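Reader: Could you walk me through this one before I set anything up? I would like to go feature by feature.

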Amino acid sequence: MSVIETYNKRGARECNFDRLNNDFGWKHLPCSFLKENTVYMILTAFCMNFFSYFIRAVSSVFTSLSPTSRVKKFVFHFIAVCAKWTRTARRWWLYLYTGMPYDKLSFG
């Protein structure tokens with residue numbers, strides 16, 4: 001019975017490798033040397049962990065994102081926003097042309 005439970009845990013690990021391959025560039029490594037690729041893979045694994053934390057925090061405010069959202073969906077819903085910098089009364093203001101509640105985000 002424990003063999004079956006151990007085998008069933010494999011699915012979560014394969015999901016992690018799928019995210020690393022497709023979202024964080026493990027499918028096409030940048031260098032042809034093992035040491036450089038190892039450093040790249042470690043750094044992107046750190047980035048994936050940071051992204052997982054960040055997406056959990058952002059998904060609590062934005063209903064269009066879930067805690068398990070992929071990088072592509074995050075970019076299209078959170079980063080790709082029309083905006084314009086304007087100078088008014090000797091100050092720069094950023095106007096966002098979206099209905100998303102960016103002002104409710106706080107990390108800390």
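Author: What follows takes the helices, then the cysteines, then a strand and its loop.

Author: This is a predicted model, in which local features need pLDDT of at least 70 and side-chain atom pairs count only at pLDDT 80 or more, while totals for chains, interfaces and linings use all residues. Residues are numbered from 1 along each chain as its sequence is written, and side-chain values use heavy atoms, with hydrogens and water left out.

Reader: OK, how do α2 and α3 cross?

Author: The axes of α2 (residues 10–23) and α3 (residues 34–59) come within 11 Å and cross at roughly 110°, and the two helices are therefore roughly perpendicular to each other (65 to 115 degrees counts as such). Helices here are DSSP runs of H or I with at least four residues, and strands are E runs of at least two.

Reader: Which residues make that contact?

Author: Asn 16, Arg 19 and Leu 20 come from α2, and Thr 44, Ala 45 and Met 48 from α3, where contact means heavy atoms within 4.5 Å.

Reader: And does the length of α2 agree with 1.5 Å a residue, or disagree?

Author: It agrees, because the 14 residues of α2 should span 20 Å and its end C-alpha atoms are 20 Å apart; the expected span is 1.5 Å times one less than the number of residues.

Reader: Switching topic: how many disulfides are there?

Author: A search of the whole structure finds 0, a disulfide being a pair of cysteine sulfur atoms within 2.5 Å.

Reader: Now the strand: is Thr 86 buried or exposed?

Author: Thr 86, which lies in strand β1 (residues 83–88), counts as buried at 18% relative accessibility. Leaving aside neighbours within four places in sequence, Thr 86 is in contact with Arg 91, Trp 92, Trp 93 and Tyr 95.

Reader: What about phi for Ala 89 and Arg 90?

Author: Most residues other than glycine have a negative phi. Ala 89, however, has a positive phi of about 55°, and phi of Arg 90 is near 60°.

Reader: Where does Ala 89 sit?

Author: Ala 89 is in the loop between β1 and β2 (91–96), and at 69% relative accessibility it counts as exposed. Arg 90 is found in the loop between β1 and β2 and counts as exposed at 76%.

Key
Axes are lines fitted to C-alpha atoms, for helices over the stretch in contact, and angles run from 0 to 180 degrees between N-to-C directions. Angles under 35 degrees count as roughly parallel, over 145 as roughly antiparallel, 65 to 115 as roughly perpendicular and the rest as oblique. Buried means under 20% relative accessible area, exposed over 50%, partly exposed in between (1.4 Å probe, protein chains only).
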